[in-house]
Amino acid sequence: MREREETCSTDQAGETTHPGTSMPDNMSGDDGRLKGLALLLKAGAVYFLVALGAGLVFEIIRLQVVALHVSERIAAVLEIPTALLAMIIGAQWVIDRFNLPPLPRIRLGIGFVALCFMILIEWMLVLPLHDLSLNQYFATQDFVVGILPVGAHGSLTAMPLLVGYRWER
C-alpha cells in the first residue's frame, strides 16, 4: 500500500490520482465509469464549441473578405490551414484543461463527441437556414470544395489523439 501512495499524485482538488490517468482514486465501479463518461462528454462538448467558434470566425472572414477578392472556391481552400491550426490549438487546450490521459479511446472519444455535435448542428441549423434538404445540399456542392468538409470532420475527430501522441524514434 505504501508503494501505491508513492507512485500516485494529487490533482488540483487534492484527490489522489494514478500515474498515467487523470481519474481520481475514488472513481471505481459504475460511479467511476459515469464520472469518466461525463468528463469525456464535457471535454468533447468544449472541444466542439472551440472548433465551432473558430469555424464561425473563419467563415465570416472567408465570405466577407477573401471571397470578394478571389473566387469562393479558392477562399474555401485557403480556409483549411487556419481551421486545422485552430483545431490543433483547441484540442491541445482541451486536453491540458481537463488533464486527460494519453489513451487513444479517450482522445478519439473526445473527437467523436465533437464530430457528433458538429454534424447535428449542421443538419439542424445550417441546412434549414439555407432552406435546403440533405439531398439538395449534396447536389449543389462542387466535388473539390464539397470533399473538404469530410476531411475537416475527419481531422476534427482525430486531432485530440494526434496532438497528444508522442512521436518517438
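The lining of the largest pocket divides into 31 nonpolar, six polar and seven charged residues. Here Ala, Val, Leu, Ile, Met, Phe, Trp, Tyr, Cys and Pro count as nonpolar, Asp, Glu, Lys and Arg as charged, and the others, Gly among them, as polar. The model is predicted: local features need pLDDT of at least 70 and side-chain atom pairs pLDDT 80 or more, while totals for chains, interfaces and linings use all residues. Residues are numbered from 1 along each chain as its sequence is written, and side-chain values use heavy atoms, without hydrogens and water.

The pocket has a volume of about 1600 Å³. A pocket is an open set of points on a 1 Å grid over the protein atoms alone, with protein on both sides within 12 Å along at least five of seven lines; lining residues have an atom within 4 Å of a point. Volume is the space filled by probe spheres set on the points, which are joined across faces, edges and corners. In total, 44 residues line the largest pocket. Glu59, Arg62, Glu122, Tyr137 and Pro149 lie nearest its centre. Helix 6 (143-164) supplies the largest share, ten residues. Helices are DSSP runs (H or I, at least four residues), numbered from the N terminus.

Three salt bridges are counted, each a side-chain nitrogen of Lys or Arg within 4 Å of a carboxyl oxygen of Asp or Glu. Glu59 and Arg62 pair at 2.4 Å, N to O. Both lie in helix 2, three residues apart, about one turn of the helix. Glu59 is partly exposed at 28% relative accessibility, whereas Arg62 is buried at 10%. Buried means under 20% relative accessible area, exposed over 50%, and partly exposed in between (1.4 Å probe, protein chains only). Arg62 also bridges to Glu79, with the closest N and O atoms 2.9 Å apart. This pair links distant parts of the chain, helix 3 and helix 2, 17 residues apart. Glu79 and Arg62 are both buried. Shared partners join Glu59, Arg62 and Glu79 into one network. Lys35 and Asp31 form another bridge, at 3.7 Å, N to O. They sit four residues apart in helix 2, about one helical turn.

A nonpolar surface patch covers about 930 Å². Such patches join nonpolar side chains (Val, Leu, Ile, Met, Phe, Trp, Tyr) within 5 Å, from residues with over 30% relative accessible area and no salt bridge. Areas come from the Shrake-Rupley method with a 1.4 Å probe. Helix 4 contributes the most, seven residues. Leu134, in helix 5, is one of the patch residues and is partly exposed at 34%.

How values were computed:
Patches are made of residues with over 30% relative accessible area and no salt bridge: like charges are joined within 9 Å, nonpolar side chains (Val, Leu, Ile, Met, Phe, Trp, Tyr) within 5 Å. Helices (H or I, at least four residues) and strands (E, at least two) are DSSP runs, numbered from the N terminus. On a 1 Å grid over the protein atoms alone, a cavity is a set of points where a 1.4 Å probe fits but cannot get out, and a pocket is an open set with protein on both sides within 12 Å along at least five of seven lines; lining residues have an atom within 4 Å of a point.
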